[in-house]
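Q: Can you walk me through this one? I'd like to start with the charged contacts.
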Amino acid sequence: MKFAHTVFALPFALLGYVYALMYTGVEFDWLLLAKMLICMVLARNAAMGFNRWADRRFDAENPRTAGREIPSGVISPRAALVFVVINAAGFVALTATINTLAFALSPVALAVITGYSFTKRFTAWSHIVLGVALAIAPVGAYIVVAGSIAAVPLLFAAIVATWVAGFDILYSMQDAAYDRQHGLHSVPARYTPHTATLISILFHVATAIFVALAGIFIGSTLYWTGAGLFMAMLMMQHFVHRPALFTFLNGTSSIVYAGFAIGGLIF
């Protein structure tokens, strides 16, 4: 597992956690924070491990992904699946020590984040499912603290879902030809590059709307500064079509937005 695989959602989880502390009156608890972070790691491990296991045949046939651990023989499919089961079981067990709602929803979260791996087999809109899978983070973090669900964390989730869906469409353009040839589905595989880019832009317009709505609730100079930087980095992706830069740009934009938003909440 690479840190880059976690950095998209983790800052938003911390944002949901801090928002819950500020608006529920619950006192800060280092142990609770540690449990949330461990849950994030376990869930992400399960999701990424399952994705690599489920897509191992496609990864082996795609020159871009043939060097991944399973197709290259570094890790066996059985070992990868054991890794997934251990992390998934650890995730559910740990949520049971947090609160009832976190425990009750843990199987649902696992179903979403692992189910994403199969969506390219039957729908071009798997990008949305990936966005929803990562969007669980701020809502889950709020639930860890409050034991309930609130509107603003759902806005954070909407930001994540539309932001991720938009940039995943751009990232998937490099595999469009392969996807068509192997019966896989994606927006770039179904539509022309121009149309796929337009759909990505529409998702990011929705992101901007949700960012503005969240600003109504927690707006401050720090928040709007971070929001502006976040949107600028999203726009940059539509001018610089380099998949190698997407991880850096989106990881940075996530840290910047969540960091400034947390600062706006605290100060």
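Predicted model: local features only at pLDDT ≥ 70, side-chain atom pairs only at ≥ 80, totals over all residues.
A: A salt bridge here is a side-chain nitrogen of Lys or Arg within 4 Å of a carboxyl oxygen of Asp or Glu. R57 and E61 form one, with the closest N and O atoms 3.9 Å apart.

Q: What is the mean pLDDT of the chain?
A: The mean is 94, and 98% of residues reach 70 or more.

Q: Back to the bridges. How many salt bridges does the structure hold?
A: Five. One of them joins D175 to R64, with the closest N and O atoms 2.5 Å apart. D175 sits in the loop between α7 and α8, and R64 in the loop between α3 and α4, so the pair ties together parts 111 residues apart in sequence.

Q: Is D175 buried or exposed?
A: Buried, at 8% relative accessible area. Buried means under 20%, exposed over 50%, partly exposed in between (1.4 Å probe, protein chains only). R64 is partly exposed at 34%.

Q: Which side chain does K120 meet in a salt bridge?
A: That of D179, at 3.0 Å, N to O. D179 is buried, at 2% relative accessibility.

Technical notes. Residues numbered from 1 in each chain as written. Heavy atoms only, no water. pLDDT = per-residue confidence, 0-100. Helix = DSSP H or I, 4+ residues; strand = E, 2+ residues; numbered from the N terminus.
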